[in-house]
Amino acid sequence: MTSSDRSLLAAAAERSPTPATGLTPAEVAERVATGRTNAVKLRTSRTVPEIVRSNVLTFFNGLLLALFLVTMATGRWQNGLFGGVIVANAAIGIVQEVRAKRILDRLAVLNAPHARVVRDGVTSQVEVGDVVADDLVALRAGDQVTADGVVLDSDGLEIDESLLTGESDPVAKSPGEEVRSGSIVVAGHGRFQATAVGAEAYATKLAIEARRFTLAHSELVSGTNRILRWISVVLLIVGPILLWSQFRSADNNGWRDAVTGTVAGLVGMIPEGLVLLTSLAFMLATVTLARQQTLVQELPAVEGLARVDVVCLDKTGTLTHGDVVFDRLQSLGSCSDSDISQALGLLSEDSEGNATAAAVAAAFPVTDWHREGSVPFNSTRKWSAVTTPDHGAWVLGAPEMVLAAPTPGLQEQAHAAAIHLAAAGRRVLLLARSTASARPFPAVGGQSSNDVPLPPDLLPAALVVLAERVREDAAETLQFFTAQGVTLKVISGDNPGTVAAVAAAVGIAGADNPVDARTLPEDLDELGDVLERHSVFGRVTPHQKRSLVAALQRRGHVVAMTGDGVNDALALKDADIGIAMGNGSPAARAVAQIVLLDSRFARLPGVVAEGRRVIANIERASNLFLIKNTYALVLALIAAVTVSAYPFAPIQLTLISTLTIGIPGFILALAPNSRRYVPGFLRRVLRFSVPIGAVTGVSAYLGYRATRFLDAGAGVPEARTTATVVVLIVSLWTVVVLARPLAGWKLALVAALGGSAAVVIAVPAIGEGLFLMSITRLDVTVAVVVGAVGALLVEVTHRAVDATGRSSAVE
């Protein structure tokens with residue numbers, strides 16, 4: 001026992017046990033007034049002040065603001081218009097995140113966890129935050145423990161504490177033993193007295209962390225962060241060198257020109273919209289999916305599902321509706337129909353949290369028998385049992401678990417009949433009676449969860465046949481994944497024959513060769529070999545589900561896991577992407593990254609499509625930003641080495657950024673895109689943007705120098721005009737390259753951008769008055785010629801880079 005456990009039990013010992021009727025309203029009100037509640041604010045997203053701070057108080061915004069203030073000191077207000085980028089980026093980011101926050105908050109309320117408490121003799125459901133100290137909290141299979149406390153009564157209560165301790169075996173809980181928030185009830189039922197609530201408990205922290213609006217680790221986010229770190233280092237090194245060269249340059253007349261050139265070079269190297277674009281793409285994808293009843297609890301899960309290459313499917317609740325119903329009873333002749341009905345009624349009395357038991361209870365609701373002891377059902381044992389004073393011991397469970405080694409005669413006949421029914425896709429339970437002298441099972445608490453032996457001398461009494469409905473959209477959804485090259489694995493705790501029949505009905509490849517998980521090896525490498533050869537697995541325990549996921553991940557697969565039951569929760573947590581059904585257990589929903597609120601498996605292709613759109617479009621837009629950073633760096637180095645004026649004024653870079661990066665980048669980032677995910681985001685972006693950026697930068701400098709050479713009277717303003725037009729031409733062609741395959745709206749976008757650039761050049765009040773250009777016919781002619789050559793080099797470079805990338809992928 002740990003020191004915290006001892007502290008918990010000591011604290012419980014000091015307080016009086018809560019009576020069986022629970023707290024009174026007055027006692028609840030007193031605890032609420034003193035703040036002794038479980039109310040830790042459930043935040044599905046950042047607060048509005050946090051959103052504002054995160055979008056305004058950034059390193060690059062601070063640098064841009066400092067450069068803006070320095071520029072305004074020169075008296076050339078036009079060059080300070082890049083300061084509008086700070087306002088625009090912050091405003092767009094704040095508005096979109098607040099909008100996403102409102103939608104996510106509304107959905108999270110629907111998905112929020114609840115607890116059942118006994119107050120004034122009545123059991124009622126309350127929000128987790130409304131549980132108070134000393135509340136009597138009721139537990140049943142599938143619940144997540146919402147506060148720390150001490151068990152007061154238990155009927156076969158078994159708790160899975162692996163989320164806290166890593167121990168995979170469920171732990172039986174008896175009165176007086178402690179339970180920890182965050183653990184999961186896997187069998188039985190009971191009640192506990194809450195002794196640690198609010199900030200002192202684990203469960204609320206877990207629920208908040210599971211639902212937090214967060215940019216967790218992803219290839220896109222990590223790649224973008226690495227780019228930003230590299231750019232920050234480059235700015236620290238190149239900035240002082242550029243400043244020195246501008247003050248030394250003979251092209252600059254005084255400190256104002258030197259400051260203007262330095263600011264232009266530094267602004268060009270700042271990726272002012274890249275972080276905003278990445279966050280915005282994630283947020284808009286989340287909002288889109290929210291409208292489709294899909295709650296994304298971690299934003300990069302949208303990206304992650306697009307990277308998945310193996311989907312592990314739970315049969316019940318995913319491929320089927322999960323609403324198991326009683327079909328028929330097949331008596332085996334060893335017991336009377338009356339005894340069978342009475343036994344089934346007694347065995348299914350505690351059907352809360354167990355769909356199978358609930359189906360049996362609905363068919364056999366009344367019993368006159370009294371239980372002397374019981375063993376609750378759990379996902380590892382796969383059977384439950386009761387003993388009675390006058391009618392002996394009865395067992396109900398999976399036929400192959402109840403009759404692990406059937407003897408000739410009635411046992412063998414029952415086993416064969418069960419196999420036949422399972423092969424037809426039916427769910428089958430075996431009811432058996434022990435002919436030995438009955439020894440009572442422990443009525444409460446008792447032996448370790450999986451160590452209770454079956455009663456001896458079991459005599460098969462009846463087969464309980466259950467039916468489930470296959471989801472109408474399951475086959476079509478699975479065909480989508482198969483067409484996309486995603487491998488499908490069906491993993492279920494049911495009979496392998498039953499699982500295979502359902503898998504075959506929805507078109508799973510390899511459904512004719514199911515595997516009984518009891519034969520699976522424990523070694524992950526050997527398990528991986530089995531997974532490569534088979535697709536359908538039955539009689540899988542919760543621990544084995546985790547092992548199957550781990551074995552696939554060990555072989556480099558990105559694994560998604562779907563599920564709805566408490567037995568799926570741990571595998572959902574371990575998988576790269578956990579997908580829970582909205583009607584599933586609270587534990588499953590709490591640990592999943594994606595919750596299908598309407599429990600429609602057919603929503604997943606839409607999630608994959610959104611993920612692919614996000615990945616492909618952010619990569620496309622990232623290229624535009626990094627090309628600009630690259631040519632700004634190239635020009636800064638050239639200016640430093642040649643001790644010449646920087647080829648742009650800040651306002652001219654603002655024009656270039658708006659027409660060739662900002663507008664097309666955001667539009668392309670939100671456009672439809674069904675390109676499949678290919679690993680290597682950062683490598684591909686750098687392989688494209690660095691050489692294209694170098695070509696653009698060299699083209700701009702050649703245009704700058706050509707004007708100074710060909711026009712004897714040309715000064716820095718005329719040369720900067722040529723460089724600006726050159727970069728506009730080359731960059732717009734780069735947009736054409738990145739927008740492929742071209743569609744009508746993309747061509748219209750490029751035409752509109754080019755037309756806007758032409759208006760700026762043609763209208764003196766705009767070009768000369770606002771963007772500080774000095775436009776002559778010679779300057780424009782030189783720019784068009786150099787720009788056309790630069791655009792051609794961009795096309796050649798793109799094709800060479802593309803061919804190199806394809807050959808590397810083949811190798």
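Which residue in β13 stands opposite W383? I looked it up and found G397.

I note that this is a predicted model, in which local features need pLDDT of at least 70, side-chain atom pairs count only at pLDDT 80 or more, and totals for chains, interfaces and linings use all residues. Residues are numbered from 1 along each chain as its sequence is written, and side-chain values use heavy atoms, with hydrogens and water left out.

**Sheet.** I took strands (E, at least two residues) and helices (H or I, at least four) as DSSP runs, numbered from the N terminus. Strand β12 (residues 383-388) and strand β13 (residues 392-397) run antiparallel and are joined by six bridges; two strands pair if DSSP finds at least two bridges between them. I read the open sheet of six strands as β10-β15-β14-β13-β12-β11, with antiparallel pairing. β10 (325-331) and β11 (373-375) are at the edges with a single partner strand each, so one side of each has no neighbour in the sheet. Neighbouring strands are turned by 20 degrees against each other on average, direction ignored. Helix α16 (residues 410-423) packs on this sheet and touches β10, β14 (427-434) and β15 (458-467); contact means heavy atoms within 4.5 Å. The direction of α16 makes about 10 degrees with that of β15.

**Helix pair.** I then checked α4 (residues 59-73) against α8 (residues 219-248): they pack at about 30 degrees, axes 12 Å apart. Axes are lines fitted to C-alpha atoms, for helices over the stretch in contact, and angles run from 0 to 180 degrees between N-to-C directions. In α4, F59, F60 and L63 meet L228, I231, S232 and L235 of α8.
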